[in-house]
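This report describes the fold of one protein chain, from its overall contacts down to a single residue. The sequence and structure come next.

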Amino acid sequence: MADPTRPPAISSAPSVPDAPVDESAHTAALDHMLRIALGFQASKVLLTAVRFGLFTELAEGPLPYGELRARLGLHPRSARDFFDALVALGLLDRTEGATEGTTEGTYANTPAADRYLDRRKPGYLGGFMEMADTRLYGFWARLGEGLRTGEPQNESKGGGEDVFTALYGDPERLASFQQAMTGLSMRSAHALAEALGWSAYRTVADIGCAEGAVLCHLLQRHPRLRGIGFDLEPVRAGFERRAAAAGLGDKLVFRQGDFFTSPLPEADVLIFGHILHDWDLPTKRMLLDKAYRALPEGGLVIVYETLIDDDRRENVTGLLMSLNMLIETTGGFDYTGAECRGWLAEAGFRESRVRHLAGPESMVIGVK
(Lines give C-alpha, C1' and ligand atoms only; values in the text may rest on other atoms or scores of the structure.)
Protein backbone atom coordinates (compact mmCIF):
# COMPACT_ATOMS: atom_id res chain seq x y z
CA MET A 1 0.00 0.00 0.00
CA ALA A 2 1.34 3.40 -0.90
CA ASP A 3 2.36 5.70 1.93
CA PRO A 4 -0.02 8.70 1.80
CA THR A 5 2.44 10.84 3.72
CA ARG A 6 5.05 10.65 0.97
CA PRO A 7 5.03 13.25 -1.80
CA PRO A 8 4.05 11.95 -5.22
CA ALA A 9 6.83 10.67 -7.40
CA ILE A 10 8.07 12.93 -10.11
CA SER A 11 7.59 11.33 -13.49
CA SER A 12 10.61 10.98 -15.72
CA ALA A 13 8.40 10.99 -18.82
CA PRO A 14 8.99 13.90 -21.15
CA SER A 15 6.76 16.83 -20.38
CA VAL A 16 4.16 18.12 -22.84
CA PRO A 17 4.37 21.88 -23.26
CA ASP A 18 1.29 23.83 -22.22
CA ALA A 19 -0.77 25.47 -24.90
CA PRO A 20 0.41 29.04 -25.49
CA VAL A 21 -1.37 31.58 -23.33
CA ASP A 22 -3.10 34.40 -25.16
CA GLU A 23 -1.89 37.24 -22.95
CA SER A 24 -3.73 39.87 -25.00
CA ALA A 25 -7.05 38.16 -24.26
CA HIS A 26 -6.24 38.01 -20.53
CA THR A 27 -5.23 41.66 -20.55
CA ALA A 28 -8.42 42.68 -22.32
CA ALA A 29 -10.50 40.68 -19.82
CA LEU A 30 -8.65 42.29 -16.90
CA ASP A 31 -9.17 45.76 -18.35
CA HIS A 32 -12.88 44.99 -18.81
CA MET A 33 -13.23 43.89 -15.18
CA LEU A 34 -11.42 46.96 -13.91
CA ARG A 35 -13.63 49.27 -16.00
CA ILE A 36 -16.68 47.65 -14.43
CA ALA A 37 -15.25 47.75 -10.91
CA LEU A 38 -14.30 51.41 -11.15
CA GLY A 39 -17.23 52.51 -13.30
CA PHE A 40 -18.59 54.55 -10.41
CA GLN A 41 -15.71 57.00 -10.83
CA ALA A 42 -16.62 57.97 -14.39
CA SER A 43 -20.28 57.99 -13.41
CA LYS A 44 -19.69 60.43 -10.58
CA VAL A 45 -17.59 62.73 -12.78
CA LEU A 46 -20.47 63.03 -15.27
CA LEU A 47 -23.18 63.36 -12.61
CA THR A 48 -21.18 66.04 -10.79
CA ALA A 49 -20.63 68.00 -14.00
CA VAL A 50 -24.38 67.92 -14.65
CA ARG A 51 -25.12 69.03 -11.10
CA PHE A 52 -22.65 71.94 -11.43
CA GLY A 53 -24.31 73.01 -14.68
CA LEU A 54 -20.98 72.74 -16.50
CA PHE A 55 -22.50 71.88 -19.88
CA THR A 56 -25.01 74.71 -19.59
CA GLU A 57 -22.17 77.16 -18.89
CA LEU A 58 -20.42 76.01 -22.06
CA ALA A 59 -23.55 76.03 -24.20
CA GLU A 60 -23.04 79.70 -25.11
CA GLY A 61 -19.51 79.04 -26.33
CA PRO A 62 -16.04 77.72 -25.34
CA LEU A 63 -14.42 79.03 -22.17
CA PRO A 64 -10.76 79.22 -21.14
CA TYR A 65 -9.77 76.99 -18.25
CA GLY A 66 -9.49 79.79 -15.72
CA GLU A 67 -12.85 81.34 -16.55
CA LEU A 68 -14.66 77.99 -16.51
CA ARG A 69 -13.11 77.11 -13.17
CA ALA A 70 -14.10 80.46 -11.73
CA ARG A 71 -17.69 80.23 -12.98
CA LEU A 72 -18.15 76.83 -11.35
CA GLY A 73 -16.40 77.89 -8.16
CA LEU A 74 -13.83 75.07 -8.25
CA HIS A 75 -10.57 74.87 -6.30
CA PRO A 76 -7.52 74.93 -8.58
CA ARG A 77 -6.07 71.72 -7.12
CA SER A 78 -8.08 69.27 -9.25
CA ALA A 79 -10.22 71.38 -11.58
CA ARG A 80 -7.97 70.65 -14.56
CA ASP A 81 -8.13 66.92 -13.88
CA PHE A 82 -11.91 67.16 -13.64
CA PHE A 83 -12.24 68.97 -16.98
CA ASP A 84 -9.72 66.73 -18.73
CA ALA A 85 -11.43 63.59 -17.41
CA LEU A 86 -14.55 64.85 -19.21
CA VAL A 87 -12.43 65.32 -22.33
CA ALA A 88 -11.14 61.75 -22.04
CA LEU A 89 -14.72 60.51 -21.54
CA GLY A 90 -15.75 62.18 -24.79
CA LEU A 91 -18.01 64.79 -23.17
CA LEU A 92 -15.85 67.90 -23.64
CA ASP A 93 -13.46 69.09 -26.33
CA ARG A 94 -10.28 71.00 -25.50
CA THR A 95 -8.24 73.23 -27.76
CA GLU A 96 -4.68 73.94 -26.76
CA GLY A 97 -3.31 77.41 -26.23
CA ALA A 98 -2.02 79.80 -23.64
CA THR A 99 -4.60 80.85 -21.09
CA GLU A 100 -3.68 83.32 -18.37
CA GLY A 101 -0.03 82.52 -18.88
CA THR A 102 -0.53 78.72 -18.76
CA THR A 103 -1.19 76.06 -21.37
CA GLU A 104 -4.37 74.52 -19.96
CA GLY A 105 -6.42 75.36 -23.05
CA THR A 106 -10.04 76.18 -23.75
CA TYR A 107 -12.99 73.84 -23.19
CA ALA A 108 -16.17 73.31 -25.21
CA ASN A 109 -19.09 70.92 -25.23
CA THR A 110 -19.06 68.04 -27.67
CA PRO A 111 -22.10 68.09 -30.01
CA ALA A 112 -23.80 65.32 -28.01
CA ALA A 113 -23.19 67.04 -24.67
CA ASP A 114 -24.50 70.31 -26.10
CA ARG A 115 -27.69 68.61 -27.28
CA TYR A 116 -28.47 66.47 -24.25
CA LEU A 117 -26.81 68.10 -21.23
CA ASP A 118 -27.67 71.79 -21.60
CA ARG A 119 -30.55 72.47 -19.20
CA ARG A 120 -32.13 74.97 -21.58
CA LYS A 121 -32.48 72.60 -24.53
CA PRO A 122 -35.58 70.45 -25.11
CA GLY A 123 -33.50 67.28 -25.41
CA TYR A 124 -32.02 67.69 -21.90
CA LEU A 125 -31.32 64.32 -20.28
CA GLY A 126 -29.80 65.80 -17.20
CA GLY A 127 -33.04 65.65 -15.23
CA PHE A 128 -32.70 61.90 -15.16
CA MET A 129 -29.01 62.21 -14.33
CA GLU A 130 -29.75 64.63 -11.50
CA MET A 131 -32.18 62.10 -10.05
CA ALA A 132 -29.53 59.39 -10.41
CA ASP A 133 -27.03 61.60 -8.59
CA THR A 134 -29.20 62.80 -5.72
CA ARG A 135 -31.14 59.58 -5.12
CA LEU A 136 -30.05 56.41 -6.86
CA TYR A 137 -26.30 56.75 -6.41
CA GLY A 138 -26.56 56.45 -2.63
CA PHE A 139 -29.31 53.85 -2.60
CA TRP A 140 -27.34 51.51 -4.88
CA ALA A 141 -24.66 51.30 -2.19
CA ARG A 142 -27.14 49.03 -0.39
CA LEU A 143 -27.68 46.64 -3.31
CA GLY A 144 -26.25 43.72 -1.35
CA GLU A 145 -28.77 44.21 1.44
CA GLY A 146 -31.57 44.41 -1.12
CA LEU A 147 -30.46 41.17 -2.73
CA ARG A 148 -30.44 39.39 0.64
CA THR A 149 -33.76 40.76 1.89
CA GLY A 150 -35.77 41.42 -1.29
CA GLU A 151 -36.72 44.78 0.21
CA PRO A 152 -36.38 48.26 -1.38
CA GLN A 153 -33.43 50.36 -0.26
CA ASN A 154 -34.75 53.89 -0.87
CA GLU A 155 -36.76 56.29 1.33
CA SER A 156 -39.29 53.55 2.10
CA LYS A 157 -36.64 51.47 3.87
CA GLY A 158 -37.63 50.91 7.49
CA GLY A 159 -41.31 51.69 7.02
CA GLY A 160 -41.14 55.08 5.27
CA GLU A 161 -43.47 56.20 2.51
CA ASP A 162 -43.21 54.33 -0.76
CA VAL A 163 -41.46 56.22 -3.52
CA PHE A 164 -44.59 57.20 -5.47
CA THR A 165 -46.53 58.45 -2.43
CA ALA A 166 -43.57 60.61 -1.43
CA LEU A 167 -43.03 61.78 -5.00
CA TYR A 168 -46.58 62.87 -5.78
CA GLY A 169 -46.82 64.64 -2.43
CA ASP A 170 -43.86 66.93 -3.13
CA PRO A 171 -44.39 69.34 -6.08
CA GLU A 172 -40.70 70.15 -6.45
CA ARG A 173 -39.62 66.52 -6.52
CA LEU A 174 -42.50 65.63 -8.81
CA ALA A 175 -41.47 68.30 -11.31
CA SER A 176 -37.90 66.99 -11.26
CA PHE A 177 -39.13 63.43 -11.74
CA GLN A 178 -41.34 64.45 -14.65
CA GLN A 179 -38.41 66.17 -16.34
CA ALA A 180 -36.30 63.06 -15.76
CA MET A 181 -38.96 60.86 -17.37
CA THR A 182 -39.13 63.23 -20.32
CA GLY A 183 -35.39 62.92 -20.88
CA LEU A 184 -35.54 59.16 -20.52
CA SER A 185 -38.44 58.75 -22.96
CA MET A 186 -37.67 61.08 -25.85
CA ARG A 187 -35.52 58.75 -27.98
CA SER A 188 -38.22 56.12 -27.78
CA ALA A 189 -40.90 58.74 -28.47
CA HIS A 190 -39.17 59.73 -31.71
CA ALA A 191 -38.80 56.09 -32.75
CA LEU A 192 -42.39 55.31 -31.78
CA ALA A 193 -43.70 58.12 -33.97
CA GLU A 194 -42.13 56.42 -37.02
CA ALA A 195 -42.68 52.78 -36.04
CA LEU A 196 -46.42 52.47 -36.68
CA GLY A 197 -48.88 53.35 -39.40
CA TRP A 198 -50.52 55.98 -37.24
CA SER A 199 -52.91 57.02 -40.03
CA ALA A 200 -55.07 54.03 -39.09
CA TYR A 201 -55.77 55.49 -35.62
CA ARG A 202 -57.39 58.67 -34.38
CA THR A 203 -56.94 58.68 -30.58
CA VAL A 204 -54.05 57.75 -28.31
CA ALA A 205 -53.84 57.74 -24.50
CA ASP A 206 -50.61 57.70 -22.50
CA ILE A 207 -51.12 55.90 -19.17
CA GLY A 208 -48.89 57.54 -16.56
CA CYS A 209 -48.17 60.42 -18.91
CA ALA A 210 -45.88 62.62 -16.74
CA GLU A 211 -45.26 65.90 -18.63
CA GLY A 212 -46.89 64.55 -21.78
CA ALA A 213 -43.71 64.77 -23.87
CA VAL A 214 -44.40 61.51 -25.70
CA LEU A 215 -47.92 62.59 -26.66
CA CYS A 216 -46.74 66.04 -27.72
CA HIS A 217 -44.23 64.54 -30.12
CA LEU A 218 -46.73 62.03 -31.52
CA LEU A 219 -49.37 64.70 -32.16
CA GLN A 220 -46.90 67.12 -33.72
CA ARG A 221 -45.63 64.37 -36.01
CA HIS A 222 -49.14 63.08 -36.83
CA PRO A 223 -51.51 66.07 -36.67
CA ARG A 224 -54.69 64.05 -37.20
CA LEU A 225 -54.19 62.29 -33.85
CA ARG A 226 -55.92 63.40 -30.65
CA GLY A 227 -54.35 62.61 -27.30
CA ILE A 228 -55.28 61.91 -23.68
CA GLY A 229 -52.81 62.09 -20.81
CA PHE A 230 -53.89 59.89 -17.89
CA ASP A 231 -52.25 60.38 -14.50
CA LEU A 232 -52.82 61.59 -10.95
CA GLU A 233 -54.02 65.16 -10.38
CA PRO A 234 -50.65 66.62 -9.24
CA VAL A 235 -49.31 65.96 -12.75
CA ARG A 236 -51.93 68.13 -14.47
CA ALA A 237 -50.17 71.51 -14.22
CA GLY A 238 -46.90 70.33 -15.79
CA PHE A 239 -48.78 68.40 -18.48
CA GLU A 240 -50.97 71.35 -19.46
CA ARG A 241 -47.99 73.74 -19.54
CA ARG A 242 -46.15 71.49 -21.95
CA ALA A 243 -49.25 70.96 -24.13
CA ALA A 244 -49.81 74.72 -24.32
CA ALA A 245 -46.16 75.39 -25.15
CA ALA A 246 -46.40 72.85 -27.97
CA GLY A 247 -49.55 74.53 -29.32
CA LEU A 248 -51.63 71.41 -28.72
CA GLY A 249 -54.16 72.68 -26.22
CA ASP A 250 -57.07 71.84 -28.55
CA LYS A 251 -55.82 68.33 -29.39
CA LEU A 252 -54.41 67.12 -26.11
CA VAL A 253 -56.34 66.80 -22.84
CA PHE A 254 -55.45 65.66 -19.35
CA ARG A 255 -57.67 63.15 -17.59
CA GLN A 256 -57.20 62.65 -13.87
CA GLY A 257 -57.27 59.06 -12.69
CA ASP A 258 -55.62 56.34 -10.64
CA PHE A 259 -55.01 53.26 -12.74
CA PHE A 260 -55.41 51.07 -9.66
CA THR A 261 -58.97 52.21 -9.02
CA SER A 262 -60.21 53.97 -12.16
CA PRO A 263 -61.03 52.52 -15.58
CA LEU A 264 -58.51 53.44 -18.25
CA PRO A 265 -59.56 56.02 -20.86
CA GLU A 266 -61.00 54.65 -24.08
CA ALA A 267 -58.79 55.26 -27.12
CA ASP A 268 -57.62 53.49 -30.27
CA VAL A 269 -54.11 53.13 -28.83
CA LEU A 270 -53.03 52.89 -25.17
CA ILE A 271 -49.38 53.44 -24.24
CA PHE A 272 -47.61 52.19 -21.11
CA GLY A 273 -44.13 53.73 -21.15
CA HIS A 274 -41.84 52.80 -18.23
CA ILE A 275 -44.90 51.83 -16.20
CA LEU A 276 -45.28 48.06 -15.95
CA HIS A 277 -41.79 47.49 -14.55
CA ASP A 278 -42.71 49.45 -11.41
CA TRP A 279 -45.13 46.76 -10.26
CA ASP A 280 -45.38 43.10 -9.31
CA LEU A 281 -46.77 40.46 -11.66
CA PRO A 282 -50.41 40.56 -10.48
CA THR A 283 -50.45 44.34 -11.03
CA LYS A 284 -48.86 44.03 -14.47
CA ARG A 285 -51.59 41.56 -15.42
CA MET A 286 -54.33 43.76 -13.95
CA LEU A 287 -53.20 46.77 -15.99
CA LEU A 288 -53.12 44.77 -19.21
CA ASP A 289 -56.58 43.41 -18.45
CA LYS A 290 -57.83 46.99 -18.03
CA ALA A 291 -56.20 47.98 -21.29
CA TYR A 292 -57.98 45.16 -23.09
CA ARG A 293 -61.34 46.31 -21.76
CA ALA A 294 -60.71 49.96 -22.72
CA LEU A 295 -59.67 49.28 -26.33
CA PRO A 296 -61.95 48.81 -29.33
CA GLU A 297 -61.65 45.75 -31.52
CA GLY A 298 -58.44 46.19 -33.52
CA GLY A 299 -57.05 48.67 -30.99
CA LEU A 300 -53.45 48.55 -29.80
CA VAL A 301 -51.68 48.49 -26.49
CA ILE A 302 -48.03 49.55 -26.63
CA VAL A 303 -45.70 48.66 -23.77
CA TYR A 304 -42.18 50.08 -23.93
CA GLU A 305 -39.35 49.58 -21.46
CA THR A 306 -35.72 48.56 -21.36
CA LEU A 307 -36.95 45.06 -22.24
CA ILE A 308 -34.57 42.27 -21.26
CA ASP A 309 -33.57 40.14 -24.24
CA ASP A 310 -35.31 36.76 -24.27
CA ASP A 311 -32.05 34.90 -23.64
CA ARG A 312 -31.19 37.26 -20.74
CA ARG A 313 -27.58 37.67 -21.91
CA GLU A 314 -27.28 40.90 -23.89
CA ASN A 315 -29.32 43.87 -22.68
CA VAL A 316 -27.26 44.85 -19.66
CA THR A 317 -29.30 48.06 -19.26
CA GLY A 318 -32.53 46.08 -18.95
CA LEU A 319 -31.06 43.75 -16.32
CA LEU A 320 -29.60 46.66 -14.34
CA MET A 321 -32.93 48.49 -14.56
CA SER A 322 -34.60 45.43 -13.07
CA LEU A 323 -32.15 45.60 -10.16
CA ASN A 324 -33.06 49.27 -9.85
CA MET A 325 -36.67 48.18 -9.38
CA LEU A 326 -35.47 46.10 -6.42
CA ILE A 327 -33.86 49.23 -4.97
CA GLU A 328 -36.90 51.44 -5.61
CA THR A 329 -40.07 49.33 -5.35
CA THR A 330 -41.65 46.58 -3.29
CA GLY A 331 -42.36 44.22 -6.18
CA GLY A 332 -41.32 45.74 -9.51
CA PHE A 333 -39.09 44.03 -12.04
CA ASP A 334 -38.18 44.29 -15.72
CA TYR A 335 -39.00 41.46 -18.10
CA THR A 336 -38.48 39.98 -21.53
CA GLY A 337 -40.54 40.60 -24.62
CA ALA A 338 -41.61 36.95 -24.58
CA GLU A 339 -42.91 37.29 -21.01
CA CYS A 340 -44.91 40.38 -21.91
CA ARG A 341 -46.37 38.67 -24.96
CA GLY A 342 -47.50 35.84 -22.71
CA TRP A 343 -49.30 38.27 -20.38
CA LEU A 344 -50.96 39.95 -23.35
CA ALA A 345 -52.24 36.59 -24.60
CA GLU A 346 -53.61 35.82 -21.13
CA ALA A 347 -55.45 39.16 -21.19
CA GLY A 348 -57.11 38.22 -24.49
CA PHE A 349 -55.03 40.07 -27.10
CA ARG A 350 -55.17 38.09 -30.32
CA GLU A 351 -51.66 38.86 -31.52
CA SER A 352 -48.51 40.63 -30.38
CA ARG A 353 -45.02 41.44 -31.58
CA VAL A 354 -41.79 42.95 -30.27
CA ARG A 355 -39.99 45.79 -32.01
CA HIS A 356 -36.83 47.66 -31.09
CA LEU A 357 -37.20 51.41 -30.55
CA ALA A 358 -33.94 53.14 -29.60
CA GLY A 359 -30.85 52.32 -27.56
CA PRO A 360 -31.70 49.63 -24.99
CA GLU A 361 -35.46 50.18 -25.31
CA SER A 362 -38.01 48.09 -27.20
CA MET A 363 -41.79 47.87 -27.32
CA VAL A 364 -44.35 45.11 -27.29
CA ILE A 365 -47.46 45.79 -29.39
CA GLY A 366 -50.66 43.90 -28.57
CA VAL A 367 -53.65 43.86 -30.93
CA LYS A 368 -57.16 43.34 -29.54
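Among contacts in the protein chain with a separation of 6 or more, 65% join residues 24 or more positions apart; a contact means heavy atoms within 4.5 Å. The model is predicted: local features need pLDDT of at least 70, side-chain atom pairs count only at pLDDT 80 or more, and totals for chains, interfaces and linings use all residues. Residues are numbered from 1 along each chain as its sequence is written, and side-chain values use heavy atoms, with hydrogens and water left out.

The C-alpha trace of the protein chain spans about 85 × 80 × 45 Å along its principal axes. Of its 368 residues, 46% count as buried, where buried means under 20% relative accessible area, exposed over 50% and partly exposed in between, with a 1.4 Å probe and protein chains only. The chain exposes about 19300 Å², and carbon and sulfur atoms supply 55% of that area; accessible areas come from the Shrake-Rupley method with a 1.4 Å probe.

The secondary structure comes to 15 helices and 10 strands. These are DSSP runs numbered from the N terminus, helices being H or I of at least four residues and strands E of at least two. Two strands pair if DSSP finds at least two bridges between them. Two of the pairings are listed here.

S5, helix H12 (residues 236-245) and S6 make a right-handed β-α-β unit. Right-handed here means that, with the strands pointing away from the viewer, the path from the first strand over the helix to the second runs clockwise.

An open antiparallel sheet is formed by 3 strands in the order S1-S3-S2. Its edge strands, S1 (63-64) and S2 (92-95), each pair on one side only. Helix H5 (residues 79-88) lies across S2 and S3 and runs at about 110° to S2; axes are lines fitted to C-alpha atoms, for helices over the stretch in contact, and angles run from 0 to 180 degrees between N-to-C directions.

Ser 362 lies in strand S10 (residues 361-367). Ser 362 counts as buried because its relative accessibility is 12%. Leaving aside residues up to four places away in sequence, Ser 362 touches Val 303, Tyr 304, Glu 305, Leu 307, Val 354, Arg 355, His 356 and Leu 357.
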